[in-house]
Amino acid sequence: MSWLHPANLGYLMRRKLADLGHGARLFARLVALFGASMRRFGLVRDQVHFLGNYSLAIIAVSGLFVGFVLALQGYYILQRYGSSEALGLMVALSLLRELGPVITALLFAGRAGTSLTAEIGLMKAGEQLSAMEMMAVDPVRRVLAPRFWGGVIALPLLAAVFSAVGVIGGWVVGVLMIGVDPGAFWGQMQGGVDVWKDVGNGVVKSLVFGVAVTFIAVFEGFEAQATPEGVSRATTRTVVVSSLSVLGLDFVLTAMMFSI
């Protein structure tokens, strides 16, 4: 195959290294623009509303059904060992440690990440970003930075909603439908969930996922080819790369947080 030719492989490697370098420079600029973005918080607030509020329905409904399934499957597993009273603890730890941040990030990538990439890509295809540069307006400061920090703020809030609604869903199935003692359900949860180790680590995970997913979405939109096909390919790459990044980062963070 022609792409296995050493010259082609070298070209691909140089192009990927150039993309990594450009992405690192863009990420450093976005981090450096944190103060400037907060000074114009209205732009960030609008993006938090756009990315978070419009994703709230799918996050809440998904969290409810995940809580249903967790309680149903968890009860049948715990019942084998006579530990059905620990159902609330199992549901809470599963959501706070893993499922809440991970599933929220995956849904966020599919709902908000694609919207960000398409919006920025269409602005590039319509030469709006070039027009900003002609008017001495920095598109990274005016367009990319508010969207980046808006996504970083929105995802942890959505993850908290997902986990809270999931716990309610577990209570509905476990207590109201199956008949687990409500005192044992909430008591085991309150006694077994640690604020710093479980809730805190879940918040850290959601923050890291928010940075990764939002940056990938912004970067893909900013680097998209200025054609309809280029924007569609960038949108697809956003979902694929974001999903793989979330799953990979989840493994690394879990190994660092819960196995020490």
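## Helix order

Read along the sequence, this predicted model follows the pattern α-α-α-α-α-α-α-α-α-α. The protein has ten helices and zero strands. Its C-alpha atoms fill a box of roughly 65 × 50 × 35 Å, taken along the principal axes.

## H5 against H4

Helix H4 covers residues 56–79. Its axis comes within 10 Å of the axis of H5, and the two cross at roughly 145°. The crossing of H4 and H5 is right-handed.

From H4, the contact draws on Ile58, Ile59, Ser62, Val66, Leu70, Ala71, Gly74, Tyr75 and Leu78. These meet Leu87, Met90, Val91, Ser94, Leu95, Leu99, Ile103, Thr104 and Leu107 in H5. By class, the contact of H4 with H5 has 14 nonpolar residues, four polar ones and no charged ones. An α-helix has 3.6 residues a turn, so residues three or four places apart point the same way.

## H5 against H7

Helix H7 spans residues 139–178. H5 and H7 pack at an angle of about 145°, with their axes 7 Å apart. Their crossing is right-handed. The residues of this contact divide into 21 nonpolar, seven polar and two charged.

## H5 against H8

H5 runs over residues 87–125, and H8 over residues 182–192. The axes of H5 and H8 come within 6 Å and cross at roughly 50°. H5 and H8 are therefore oblique to each other. The crossing of H5 and H8 is right-handed.

On the H5 side, the residues are Leu87, Gly88, Leu89, Ala92 and Leu93. On the H8 side, they are Phe185, Gln188, Met189 and Gly192. Six residues of the contact of H5 with H8 are nonpolar, three are polar and none is charged. Leu87 in H5 meets H8, and Leu87 is also among the H5 residues that meet H4.

## Val165 in H7

Which residues does Val165 contact, leaving aside its neighbours within four places in sequence? They are Ala60, Gly63 and Leu64. Val165 itself lies in helix H7. Glu119 is 46 residues from Val165 in sequence. In space, Val165 and Glu119 are 30 Å apart, C-alpha to C-alpha.

Helix H9 takes in residues 195–223. How does its span agree with its 29 residues? At 1.5 Å a residue, H9 should span 42 Å. The end C-alpha atoms of H9 are 40 Å apart, which agrees.

At the start of H9, Asp194 makes a contact through its side chain. A side-chain oxygen of Asp194 reaches to within 3.1 Å of the backbone nitrogen of Trp196.

Technical notes:
Residues are numbered from 1 along each chain as its sequence is written. This is a predicted model: local features need pLDDT of at least 70, side-chain atom pairs count only at pLDDT 80 or more; totals for chains, interfaces and linings use all residues. Side-chain values use heavy atoms; hydrogens and water are left out. Axes are lines fitted to C-alpha atoms, for helices over the stretch in contact, and angles run from 0 to 180 degrees between N-to-C directions. Helices (H or I, at least four residues) and strands (E, at least two) are DSSP runs, numbered from the N terminus. Angles under 35 degrees count as roughly parallel, over 145 as roughly antiparallel, 65 to 115 as roughly perpendicular and the rest as oblique. A crossing is left-handed if the near helix is turned anticlockwise from the far one by less than a right angle, and right-handed if clockwise. Contact means heavy atoms within 4.5 Å. Ala, Val, Leu, Ile, Met, Phe, Trp, Tyr, Cys and Pro count as nonpolar, Asp, Glu, Lys and Arg as charged, and the others, Gly among them, as polar. The expected span of a helix is 1.5 Å times one less than its number of residues. A polar contact is a pair of N or O atoms within 3.5 Å; within protein, one must be able to donate a hydrogen and the other to accept it, and residues adjacent in sequence count only if both atoms are side-chain atoms.
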